[in-house]
Amino acid sequence: MRWSPRTVRWCFGGAALLYALGIAYLSSRTRGQLQTPFSGSSLSLLHVPLHGALALLVLRTLVPLGDGNRSWPGCFTWSGAIVLAVILLHGMVDEVHQHFVPGRTCSLFDACLDACGALMVLLAPWPRGPGRPANLFPLLFVGILAALLAYVLPDWFPGVDGAIEGWIASAGT
């Protein structure tokens, strides 16, 4: 039995929604409630694979593998742009949500790491598809950028996240 592209779209869309809700659940936990061996910048770096997997699910929701369609659109297509926009929107909403969780903060760097996860999925040269680069250089560049965002830039620019926290607090009053 072959599934129709519409059924596949609904399955991947449902999986993407459940996965996004799982991320929201994890982000609603305080740091003490998270049972993880990671801490600090290493914990922030987990945004990349978590949102990369969400990007894969959103991409397959937009472009299901159906009869004769075996393409995996990349970053430089409309589907790729929509996936990136969805992940950015989800990341920003999730960071604002974390502002209201005790012991958690809203971080612009974490939202950028979410986008890096989506970009890594969309810039991978395999599987082949329209808008995908032919080599690994863009993927490696985004990986290095993610490491900088997680480990270096928050120390160089510590006031950025505080400014965002203040803006959210003032918007609520």
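**View 1. Helix 4 and helix 5 are roughly antiparallel to each other.** Angles over 145 degrees count as roughly antiparallel. The axes of helix 4 (residues 78-99) and helix 5 (residues 108-123) cross at roughly 155° and come within 8 Å. Each axis is a line fitted to C-alpha atoms over the stretch in contact, with angles from 0 to 180 degrees between N-to-C directions. Helices are DSSP runs (H or I, at least four residues), numbered from the N terminus. This is a predicted model, in which local features need pLDDT of at least 70, side-chain atom pairs count only at pLDDT 80 or more, and totals for chains, interfaces and linings use all residues. Residues are numbered from 1 along each chain as its sequence is written, and side-chain values use heavy atoms, leaving out hydrogens and water.

**View 2. Residues of helix 4 meet residues of helix 5.** In helix 4, the contacting residues (heavy atoms within 4.5 Å) include Gly 80, Val 83, Leu 84 and Glu 95. Their partners in helix 5 include Asp 110, Ala 111, Asp 114 and Leu 122. By class, this contact of helix 4 with helix 5 has 10 nonpolar, two polar and three charged residues. Ala, Val, Leu, Ile, Met, Phe, Trp, Tyr, Cys and Pro count as nonpolar, Asp, Glu, Lys and Arg as charged, and the others, Gly among them, as polar.

**View 3. Trp 10 lies in helix 1 (residues 5-27).** Trp 10 has 67% relative accessibility and therefore counts as exposed, the cut-off being over 50% relative accessible area (1.4 Å probe, protein chains only). The C-alpha atoms of Trp 10 and Gly 80 are separated by 19 Å.

**View 4. Buried residues of helix 1 pack against helix 3 (47-62) and helix 4.** Val 8, Ala 16, Ala 20, Ile 23 and Ser 27 are buried, that is, under 20% relative accessible area.

Technical notes. Helix = DSSP H or I, 4+ residues; strand = E, 2+ residues; numbered from the N terminus. Parallel < 35°, antiparallel > 145°, perpendicular 65-115°, else oblique.
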